[in-house]
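Hi,

Here is the structure I promised to pass on.

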Amino acid sequence: MKVIIIGCDRLGAELAKRLSDHGHDIAVIDKNQSSFVKLHKDFRGRVHEGDALNQEVLLRAGIEEANVLLALTESDSTNYVLGLAAREIFHVPQVIVRNFDPACQVVCEHMGLQAISSAIWGAEQLEEMLSRT
């Protein structure tokens with residue numbers, strides 16, 4: 001599977017390592033070269049420094065052949081734009097975006113984007129844990 005991960009923070013770096021360990025072809029994009037130090041020493045993918053909102057950066061990372069695009073930046077709006085572009089312009093089969101603000105989750109739903117929200121997921125998990133006591 002050819003995967004593009006946009007955003008190399010702790011989540012992006014951990015996911016890149018896990019997918020790389022499973023033999024997937026991984027490209028990681030981040031604006032800051034210094035972010036790539038978070039990648040595990042055994043990471044076997046490619047890194048691309050640059051703004052993923054720039055089409056040339058996406059093309060260099062291989063978006064035209066990608067099976068999956070994961071927009072995991074720290075900006076909800078950037079993630080939504082990248083998700084829509086990947087799906088509508090580049091026809092990436094699976095697109096998942098990161099969502100920080102639970103109030104904006106409805107925006108993802110209206111756009112038809114799959115989203116992961118650590119705030120919502122974390123709250124659900126904590127609520128479940130508390131209900132068991």
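**Strands and their neighbours**

Val 68 stands opposite Gln 94 in strand S5. That is one spot where S4 (residues 68-71) and S5 (residues 94-98) meet, and the two strands pair in the parallel sense over four bridges. To get from S4 to S5 the chain goes through helix H3 (residues 76-88), and this β-α-β crossover is right-handed. Before you go further, keep in mind that this is a predicted model.

S4 also pairs with S1, again in the parallel sense and over four bridges. There, Ile 6 has Ala 71 as its bridge partner in S4. As for the side chains of S4, Val 68 and Leu 70 point one way while Leu 69 and Ala 71 point the other way, and all of them are buried.

Now for S1 (residues 2-6) and S2: they pair in the parallel sense over five bridges. Ile 5 stands opposite Val 28 in S2. Between S1 and S2 the chain passes through helix H1 (residues 10-21), in a right-handed β-α-β crossover. S2 (residues 25-30) is largely enclosed by the rest of the structure, because five of its six residues are buried. S2 pairs with S3 (residues 46-49) too, in the parallel sense over four bridges, and Ile 29 stands opposite His 48 in S3.

The largest nonpolar core has 21 residues, and the ones touching the most other members are Ile 4, Ile 6, Ile 29, Ile 63 and Leu 69. S1, S2, helix H2 (55-61), S4, H3 and S5 each supply at least two residues of this core.

**Cysteines**

Cys 108 has a relative accessible area of 0%, so it counts as buried. Cys 8 is buried as well, at 1% relative accessibility.

**Charged pairs**

The structure holds six salt bridges, and here are some of them.

- Glu 14 and Arg 18 form one, with their closest N and O atoms 2.8 Å apart. Both sit in helix H1, four residues apart, which is about one turn of the helix. Glu 14 is partly exposed at 39%, whereas Arg 18 is exposed at 51%.
- Asp 21 and Lys 17 meet in another, at 2.4 Å from N to O. They are separated by about one helical turn, because they are four residues apart in H1. Asp 21 is partly exposed at 37% relative accessible area, but Lys 17 is buried at 18%.
- Asp 25 and Arg 46 make a salt bridge at 2.5 Å, N to O. This pair links distant parts of the chain, with Asp 25 in S2 and Arg 46 in S3, 21 residues apart. Asp 25 is partly exposed at 30%, and so is Arg 46, at 34%.

Cheers

Key:
Residues are numbered from 1 along each chain as its sequence is written. This is a predicted model: local features need pLDDT of at least 70, side-chain atom pairs count only at pLDDT 80 or more; totals for chains, interfaces and linings use all residues. Side-chain values use heavy atoms; hydrogens and water are left out. Buried means under 20% relative accessible area, exposed over 50%, partly exposed in between (1.4 Å probe, protein chains only). Two strands pair if DSSP finds at least two bridges between them. A crossover is right-handed if, with the strands pointing away from the viewer, the path from the first strand over the helix to the second runs clockwise. A nonpolar core is a set of buried Ala, Val, Leu, Ile, Met, Phe, Trp, Tyr and Cys residues joined through side-chain atoms within 4.5 Å. A salt bridge is a side-chain nitrogen of Lys or Arg within 4 Å of a carboxyl oxygen of Asp or Glu.
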